[in-house]
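The sequence and structure are shown first.

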Amino acid sequence: PISLETDAGGFVWATSVASNEAGDVAALWTRIIGSSSGAVSASWFSATTGVWTGPKLLQIDGGKYSAAVGLSDQNGGIAVWISNADVVFALRFQAEITASDPPVAVSSIMDAGQKWYNVNLSVNTRGDAVAVWTSLLGGSQRLWSNRFVAKTDAWLGAASLAGEPSGLATGEPVVGIDEDGGAIVVWTEKTDAGTTNIWSSRSR
């Protein structure tokens, strides 16, 4: 085993890993420090050199309980995470994430206002991506998504999933995106009767 980070304080809560066709790998993790502080870090494995980079700090006081990363074959990768302030952040990177890189700029793809959980991400070979996550407001959970278009280098805007049952507990969503940009989300739903249903939704 190879240690990617040691003696950083706190404890690691969420981890995510992704690879591309070349064999490069990106690893992402969040670290909880105390009751209200955290960090998001990443490391890169190069298939060419066979070496992991040192951990790159992406955001301090930002790591909460959920993070995801995806890699494409043509346009780098994307990392998403939920901050302690309940903001969903995204970072697009074009090359290796190294510890010597300058501080990175992150962009909010969903403003604070509700409690956010369970972020998941899928990236296709062109670099298009879909991120999904759940919200908690007034005891009810909802499912949200945001789509990234590599050609325009822009997120289209977060929106609640159309047709999702309202007022029911939504479990951890999982999303996949194909080469044409078609996406499928699958999630669980706990009903008032105590049963659990599995739902899916397709979009383009």
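Is aspartate 86 buried or exposed? Aspartate 86 is buried, at 6% relative accessibility, where buried means under 20% relative accessible area, exposed over 50% and partly exposed in between (1.4 Å probe, protein chains only).

The model is predicted: local features need pLDDT of at least 70 and side-chain atom pairs pLDDT 80 or more, while totals for chains, interfaces and linings use all residues. Residues are numbered from 1 along each chain as its sequence is written, and side-chain values use heavy atoms, without hydrogens and water.

The whole structure holds 4 salt bridges, each a side-chain nitrogen of Lys or Arg within 4 Å of a carboxyl oxygen of Asp or Glu. The table includes three of them.

| Salt bridge | N to O distance |
|---|---|
| Glutamate 5 – arginine 31 | 2.7 Å |
| Lysine 115 – aspartate 86 | 3.2 Å |
| Arginine 92 – aspartate 153 | 2.7 Å |

Lysine 115, in strand β10 (residues 115–123), and aspartate 86, in the loop between β7 and β8, are 29 residues apart; strands are DSSP runs of E with at least two residues, numbered from the N terminus. Lysine 115 is partly exposed at 43%.

Arginine 92 is partly exposed, with a relative accessible area of 24%, and aspartate 153 is partly exposed at 48%.

Technical notes:
Helices (H or I, at least four residues) and strands (E, at least two) are DSSP runs, numbered from the N terminus.
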